[in-house]
Amino acid sequence: MASIFVRVRFDVRDQRQEEFEKLVFALRQQANDEPGTRSYRWFSATDGSYLVIEEYADSAAAMAHMERAGDLLGRLTECAMAGAVELHGPIGPELREWVGSNPPPAMFTDFVGQDPEDRG
């Protein structure tokens with residue numbers, strides 16, 4: 001089964017950077033213990049912008065992370081505004097529903113088109 005990739009950009013609200021970073025460390029530690037989480041990496045820019053790129057074994061693993069991290073994610077969004085939210089891969093109905101109840105994401109499902117090499 002193909003992986004699910006999640007990419008989210010955050011812009012930290014005034015004077016909340018230290019709190020935001022503590023939450024990021026807690027989320028990263030939690031993700032290290034999740035069997036379906038393949039990669040969970042945070043990046044930062046000098047202007048208070050952060051980016052997380054996550055990879056999960058499947059939609060169920062992504063949902064398990066979101067449910068387990070619910071409290072931390074809620075507190076994170078109090079410290080920063082989520083900008084671009086993107087999901088890539090075979091997004092299952094439960095994950096689609098969960099994401100739909102949060103900031104509007106861009107969802108990129110697997111492209112199932114005809115390979116140009118096969119067009120003879």
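This is a predicted model: local features need pLDDT of at least 70, side-chain atom pairs count only at pLDDT 80 or more; totals for chains, interfaces and linings use all residues.
## Strand pairing

Strand β1 (residues 4–12) is joined by eight bridges to strand β3 (residues 49–56), and the two run antiparallel. Strands are DSSP runs of E of at least two residues, helices are runs of H or I of at least four, and both are numbered from the N terminus. Two strands pair if DSSP finds at least two bridges between them.

Residues are numbered from 1 along each chain as its sequence is written, and side-chain values use heavy atoms, with hydrogens and water left out.

Seven bridges link β1 with strand β4 (residues 80–88), also in the antiparallel sense. Here Asp11 is opposite Met81 of β4.

## The two faces of β1

Side chains alternate along β1: Ile4, Val6, Val8, Phe10 and Val12 point to one face and are buried. Buried means under 20% relative accessible area, with a 1.4 Å probe and protein chains only.

## Contact of α2 with α4

Helix α2 (residues 59–68) packs on helix α4 (residues 93–100) at an angle of about 40 degrees, with the axes 8 Å apart. The axes are lines fitted to C-alpha atoms over the stretch in contact, and angles run from 0 to 180 degrees between N-to-C directions. Ser59, Ala62, Met63 and Met66 of α2 meet Glu94, Leu95 and Trp98 of α4, where contact means heavy atoms within 4.5 Å.

Terms used. Buried means under 20% relative accessible area, exposed over 50%, partly exposed in between (1.4 Å probe, protein chains only).
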